[in-house]
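Reader: I would like to learn how to read strands and aromatic rings in a structure. Please show me with an example.

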Amino acid sequence: SVADFVTIHPEPSVDFATSAVCEGEATVFTDLTAAPNGGPITGWHWSFGDGGESFSQNAEHVYGATGTYPVTLTVSTPICEASMTANVEVLEAPSVALNADVLSGCAPLDVAFAANSNVAGTYEWVFGDGLALNTGGGISVAHTYSGTLNTPTTHNVQVTVTSPDGCSATDALVVSTEPSAQ
């Protein structure tokens, strides 16, 4: 009698880690695959759900639009191949435009700032003179620049808006103060 033996090889246990990311930022994908019996993994193929792909063990990808994308990792050993698919969410990136009612003048200079954004979020203001302000919904703030007695001064002002999802955007402008009249 003739006996044939069939060898069944276990496939790799495919797993990877990623997290939600803001539009325009690189999404990082980390391979967590375990090869059976500690054997070697010989190939990786990432399909990012938008036509992009990578053949690296760990990958980065930038999505061009918000949405949910099915990401598939296919891993190969010398004998077997296995895949896993999970969704990654790309969140809307905020935009912000900073405006001021006046950009230069004699000290003390009162300036009204306004930040226009496409998201409701929190605002962090840096006035360029050592003072900063965090406001929950403060899209408009006022600030007084005291200036110096003899020297014109420039102040780099910036506002950062952070969405409820944690995505942020920053805009900046320069305010100049002239010495006050004596």
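Reader: Which residue in β15 does Val 126 stand opposite?

Author: Bear in mind that this is a predicted model. Strands of a sheet pair through backbone hydrogen bonds, either parallel or antiparallel. In this case Val 126 has Gln 158 of β15 opposite it. The two strands involved are β12 and β15 (residues 153–162), which pair in the antiparallel sense over 5 bridges.

Reader: Along strand β12, which side chains are buried?

Author: The side chains of β12 (residues 122–126) alternate between two faces. Tyr 123 and Trp 125 point to one face and are buried.

Reader: In what order do the strands of the open sheet come?

Author: The order is β1-β3-β6, and these 3 strands have antiparallel pairing. Strand β3 (residues 26–31) is joined to β6 by 4 bridges. As one case, Ala 26 has Val 62 in β6 as its bridge partner.

Reader: Why is one side of β1 and one side of β6 left without a neighbour in the sheet?

Author: Order is what to read here: the strands run β1-β3-β6 in an open sheet. β1 and β6 (59–62) stand at the edges and each has a single partner strand, so one side of each lacks a neighbour in the sheet.

Reader: Now the rings. How many aromatic pairs does the structure hold?

Author: There are 8 aromatic pairs. One of them is Phe 16 with Trp 46: the ring centres are 5.1 Å apart and the planes stand at 75 degrees, so this pair is edge-to-face. Planes over 60 degrees apart are what that term requires.

Reader: Which parts of the chain does the pair of Phe 16 and Trp 46 tie together?

Author: Phe 16 lies in strand β1 (residues 16–17) and Trp 46 in strand β4 (residues 43–47), so the pair ties together parts that are 30 residues apart in sequence. Phe 16 counts as buried because its relative accessibility is 8%, and the cut-off is under 20%. Trp 46 is buried too, at a relative accessible area of 0%.

Reader: What kind of aromatic pair do Tyr 63 and Tyr 69 form?

Author: Tyr 63 and Tyr 69 are stacked, with 4.3 Å from centre to centre and 25 degrees between the planes. Tyr 63 is buried, with a relative accessible area of 2%, and Tyr 69 counts as buried at 13%.

Reader: Which residues form one aromatic cluster with Phe 16?

Author: Phe 29, Trp 46 and Phe 48 form one aromatic cluster together with Phe 16.

Conventions: Residues are numbered from 1 along each chain as its sequence is written. This is a predicted model: local features need pLDDT of at least 70, side-chain atom pairs count only at pLDDT 80 or more; totals for chains, interfaces and linings use all residues. Side-chain values use heavy atoms; hydrogens and water are left out. Rings of Phe, Tyr and Trp (its six-membered ring) pair if their centres lie within 6.5 Å; planes under 30 degrees apart count as stacked, over 60 as edge-to-face and the rest as tilted. Buried means under 20% relative accessible area, exposed over 50%, partly exposed in between (1.4 Å probe, protein chains only). Two strands pair if DSSP finds at least two bridges between them.
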